[in-house]
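We will walk through it stop by stop.

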Amino acid sequence: MSRPEEQVILAEHPVPEAPPEERDEARLARRERLRLLARSKTFLAGVFLFGVFVFCAIFGPAVVPYDPFGAPTDLLDKLQPPSTEHLFGTDQLGRDVFSRVVVGARDILAVSVAATLLGVVLGAALGLVTGYFRGVIDEVLMRIVDAFLAVPLVILATVALVALGPSKGTLIVVIGIVFAPIIARTVRAAVLSERELEYVEAARLRNERAPYIMFAEILPNVTAPIVVEFTVRLGYAIFAIATLTFLGFGVQPPSPDWGLQIKENYVILNGGYWWPTLFPALAIALLVVSINLIADGLTRVVEA
Amino acid sequence: MSGRNGAPALALDDLRVAYTVRGIDRPVLRGVTLEIAPGESYGLVGESGCGKSTAAFAIMHYLARNGKVTGGSIRLAGRELVAMSDAEVRALRSREMSMVYQNPGAALNPSIRIGTQVAEVYRLLGSPAEEARERSEEILRRVQISDPARVLRRYPHQLSGGMQQRVVIAMALASDPTLLILDEPTTGLDATVEAEVLELVAELRSDLGTSVLFISHNLAVIARMCERVGVLYAGRLVEEGRTRTLFEDPRHPYTVGLLRCIPRGGLRKDAKRLDTIPGLLPQLGAELPGCVFTDRCGLARTICREQEPAFHGLGDGHSSRCHFHDEAQSLPREAPTTAGMRRPKGAPVLRVEHMGKTFRQEGHQVRALSDVSVEIRPGETLGLVGESGSGKTTLARLLLGLTAPDEGSVAELDGRSLPPTITQRSGDDVRALQIVFQDPDCALNRRHSVRRILGRALTKLLDVSGEERASRLRELAASVRFDGRLLGARPVQLSGGLKQRVAIARAFAGEPRLVVCDEPTSALDVSVQAAILNLLVDLQGNQGVSYLFISHDLGVVRYLADRIAVLYLGRLMELGDADTVFEAPHHPYTEALLSSVPTLEGEQRPRIRLQGEIPSAADPPSGCVFHTRCPRKVGEICEREEPPLLEVEPGHMMRCHIPLEELRRLQATPPSPSRPEGA
Amino acid sequence: MILFAAAQLLPGDVGRAILGPFAAQEAVDQLNEELGTNRSFVVQYGDWIGGVLQGDLGDSYAFNRPVAELLWPALRNSAKLALLALLIVVPVSVVGGVAAALKEGRTRDRIISLGGLSATAIPEFVWAVLGIMVFGIWLDALPVTAQAPSGSGFLTEVKYLLLPALCLVFVLFGYIARMARAGTIEALHADYTRTAVLKGLPRRTVIRRHVLRNSLLPTIAVVATQVGYLFGGLVAIELIFNYNGIGQLIYRAAQRQDFPLLLSASLVVGVVFLVATLIADVLYSLLNPRIRLSSES
């Protein structure tokens, strides 16, 4: 019979790892967190996997065996199944799939990270302001957020991209702006609970100005949810960019983006040519999974 | 039916319990032996981390997944519990033992009706549905809930705290168990409600003959409820005996120390300082060779460190685990005996008149505070007393400028007019009024170091920087006896007492004139509380600062306060010198409040029961707001007219229709015990 | 409720209005359609909004028909697919989440949690492609298009819809299961569960009677938001499986920059989502006694 109380008891009786003489206590707490993270196998797996993709993104073009954009002579090699020469085979234009997959990491990582960063910065600022001030600003902004949430990301982004023209820049801005309200909501929730705590009142009793209270007092206490949100949203960003690119509204050819590769090659699945489609698909899957593993590991540590 | 076959209701024999943390077994209970006779009430007393709750859960066979009994035995009415199967344990829980713990609201399932939850107990005993329902109604009536049929159909959130706890007690006693375990059942309840609940438990116990294990950190409550007491320290029973004997003639240094920490018998700060227990509670699972209390004991000698004392019997069931138990009461004092006190004098630091605050809540007007006028002189402590809804927190916030008062409120600081909200106040005003909050975990920013917290306060309030700020910071830390080497630490790394010292230092950073203390010691252990109270007294003596001291602990208030204000539903009911207010004649509410609070000396006042619940501030009673519960109500005038606040004696204000002399005469005898069942 | 009324216009207004001014310059360059689409987006948008307020959704450029005619059959089709997906995913994820919570921290929990997490992470079209490869081509167990031949019976239709529905299920499972798990864990740790156990109730009864009704309440709200994601995924899924639903309509409209159709379809999706949220809100209020009945002493 399992008793679901382990965590409760641990919280009541904290067992410090180091003797009480340890004076450098701040570093101790951080070390404790890192130790917990390091012990989490999921987190480590995620970091490792993600690291592989980052490596591909940065050093990809330098280390790939073949030119991902293809030379004219390669047409003779088209649609070769995986072999020792071409690890992942070749596609309809004779390009080496492995090289394309590796290099494809760069675009998607760059765009998704930029978009998420934009969204987080905007969203955090928005969340702080609405959460702290509340009142009319809060009401209005939350209604707008609800409006944004009403239409799924993919559809909203599609409309935006069609209206503005698909390009990497537009993609970053659109996704960033669409993310901002959603992130703002999470940040706002954290801020709402923080502002009730007495240290905020103590700050007001020193006649501290609002910006000081928001950024110097409250913000350090909500960084944890912000970081978790960042990693979670990054996963969604990659998800969305891949889908949009697949639909044709995201990154444009001849970029070796994975979504594009799938789009270009899935129609020939019926003919038995599975490799140009499978490998980019796996790449997307693994990248998003790695990010979610990191996010999951972080969430567990933050909640502890 | 409880099995009474002559065996003790509960017998713990060298019980050892440990928690496995990161692969290592950390002992929490180090061999506890005690017996509770059938029908007896036994109190288990100790501070946080001593293992008392663990003992309760071990008995109920409900230890956490990482907890286990590593030795000894638990016998309930003669039956050995430790190695029992799950099915047997379940049977025991439904018939022989029950537990009631803190926070009754959470103990009830919010999505299931009361009736179903109570009936569940009877269904487990085999009753069919209809019978279970009838018996549920019966047991609710037994716990003095009027109109039980209606309550049965309700959901928990629709009941008040006191009623919720009654329901929980009903469920616990429904099966007529051999043993009832109560773990801090009244912490968090208002004084008058707590008194009701305790009295209920005492009555039911004597009616049903149930044995009770009462666990609490509050010695006064234990004194009221229990026949025998055991003192637990670091998982070991250090003293045990009859309640009276133990509290009057303690024979273990820890017990002696604990009792000295508590302001007893009307002790006042100018008479004697509270003694403290040096050091910290041992960490969970630490290795403690020899006597567990050695590190903090003023009488410790070499033998204490090497050899653990046996449980010496002292006759009449009184035992002490100390090598030098006969010397226990000559335990040297930590703090000097007397304190030099300055008498408060001079023009008032703070004066407010007709202070009121009305909130809008769900469309209603809620008068949280109404027509409150007080003044506080330099170096004086004004104690603010009242239950929930009394408005004491609101008053504090109004004074500090955190909310704006209603029209017609007047506030003066040192004779000059004080703007209502803090943003309108000058720098001098701002640093003159500060606060120490109850919970230092919330009051200090967890991400800032102590140095940053205090430094920022100094910068903002005194406008100093650089070298001057650094030296002032050192002085400030020293003044609250905070070790300078810990300045780089974050609050989460500090103990409760240390955190509260930082909070106090922060309040004193700007050399304030008045500091509001909002339950500053309620979250702390008894031994730590004494040290903090002494600190507050010292600071007041050195700097001439005034305090507005809010607390529900009347003993502490009586110790610290020079004058006392009693609030009820936002109105000032009585205001006067501490001694005057505590002695008759006083306001009927004060009288009832004082009689509800348990004291270590046992019942010296006749217990006055208040009918009903505290009314809602959104819909206050007409006339005198206390008339719905007042045992001394004279008649219609109390319902019609709100009595004005009058000075009935020099320096003594009261809001009551009954004249002072009449009250003096009436309060010589307790009021007639009319007992309509409170709803 | 206010939300519903206000947001009726908001998806159109706020979303597009912000984009409108930016769109003017670039959209003008991009447009190369016939039938007066060389007008700027702003003007087209203005036209459309005017039409909507009068109940007219405009005409589709691409299909040369009034938008309304195209929308409703497409919506019906999508609804079938969505419903099938929901019918599968809700019970499965709730059971999965609860099962994981009951064995918190143990193997079963980690598998379900991580499995769900990974599945959610993978975009629907990737699942679709993989699904087609595995079930459609290698195993030849399920058809690779979603549109059953006309006149098919109910079961045949389900067979055709199964693969696309499963792709949606994989994506939605993780989040709903996680919410169910979190809710159950919280309920398991609650004081009232402790009371129930200490009363002597057997564990299964405690879970059934006390834990579940508290843990599943928040899950209802989550399902409503998932409807939103579901419709987002429909675009890619319907494209791959060649299904005439609202997703494919949006795709084709976007491809051809057919704004009236595009905007109307998006509006419809928004409305569907709001209705779902509304239903969830109402359901939650009905089931939560704390909201249903106000407190009294």
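What follows is a tour of the chains, their contacts, a sheet and the nonpolar cores.

**Before you start**

This is a predicted model, in which local features need pLDDT of at least 70 and side-chain atom pairs count only at pLDDT 80 or more, while totals for chains, interfaces and linings use all residues. Residues are numbered from 1 along each chain as its sequence is written, and chains are lettered from A and ligands numbered from 1 in the order in which they are written.

**Stop 1: chain C**

Select chain C and colour it by secondary structure. Among chain C contacts between residues at least 6 apart in sequence, 70% join residues at least 24 apart. A contact means that two C-beta atoms, placed from the backbone, lie within 7 Å.

**Stop 2: where chain A meets its partners**

Now show chain A beside chain C. The contact takes 45 residues from chain A and 48 residues from chain C. On the chain A side, α5 (135-150), α6 (153-164), α9 (210-247) and α11 (275-303) each give two or more residues, and α6(A) has the largest share, with ten. By class, this side has 33 nonpolar, nine polar and three charged residues. Ala, Val, Leu, Ile, Met, Phe, Trp, Tyr, Cys and Pro count as nonpolar, Asp, Glu, Lys and Arg as charged, and the others, Gly among them, as polar.

**Stop 3: a sheet in chain B**

Hide the other chains. Eight strands form an open sheet in the order β18-β19-β20-β15-β21-β22-β24-β23, with mixed pairing; two strands pair if DSSP finds at least two bridges between them. The edges are β18 (433-436) and β23 (646-649), each pairing on one side only.

Zoom in on β15 (residues 381-385) and β20 (residues 546-550), which run parallel and are joined by four bridges. Thr381(B) stands opposite Tyr547(B) in β20(B).

**Stop 4: the nonpolar cores**

Stay with Leu548(B) and bring back every chain. Leu548(B) and Ala157(A) have the most contacts inside the largest nonpolar core, which has 370 residues. Such a core is a set of buried Ala, Val, Leu, Ile, Met, Phe, Trp, Tyr and Cys residues joined through C-beta atoms within 7 Å. Helix α6 (residues 154-189) of chain C gives the most to this core, with 20 residues. Beyond four places in sequence, the contacts of Leu548(B) include Ile376(B), Leu382(B), Leu384(B) and Val516(B).

**Stop 5: Arg75(B)**

Finally, select Arg75(B) in strand β4 (residues 67-76) of chain B. Buried or partly exposed? Arg75(B) counts as partly exposed because 17 C-beta neighbours lie inside 10 Å. Leaving aside neighbours within four places in sequence, Arg75(B) is in contact with Ala11(B), Glu80(B) and Leu81(B).

Notes:
Buried ≥ 20, exposed ≤ 12 C-beta atoms within 10 Å, placed from the backbone.
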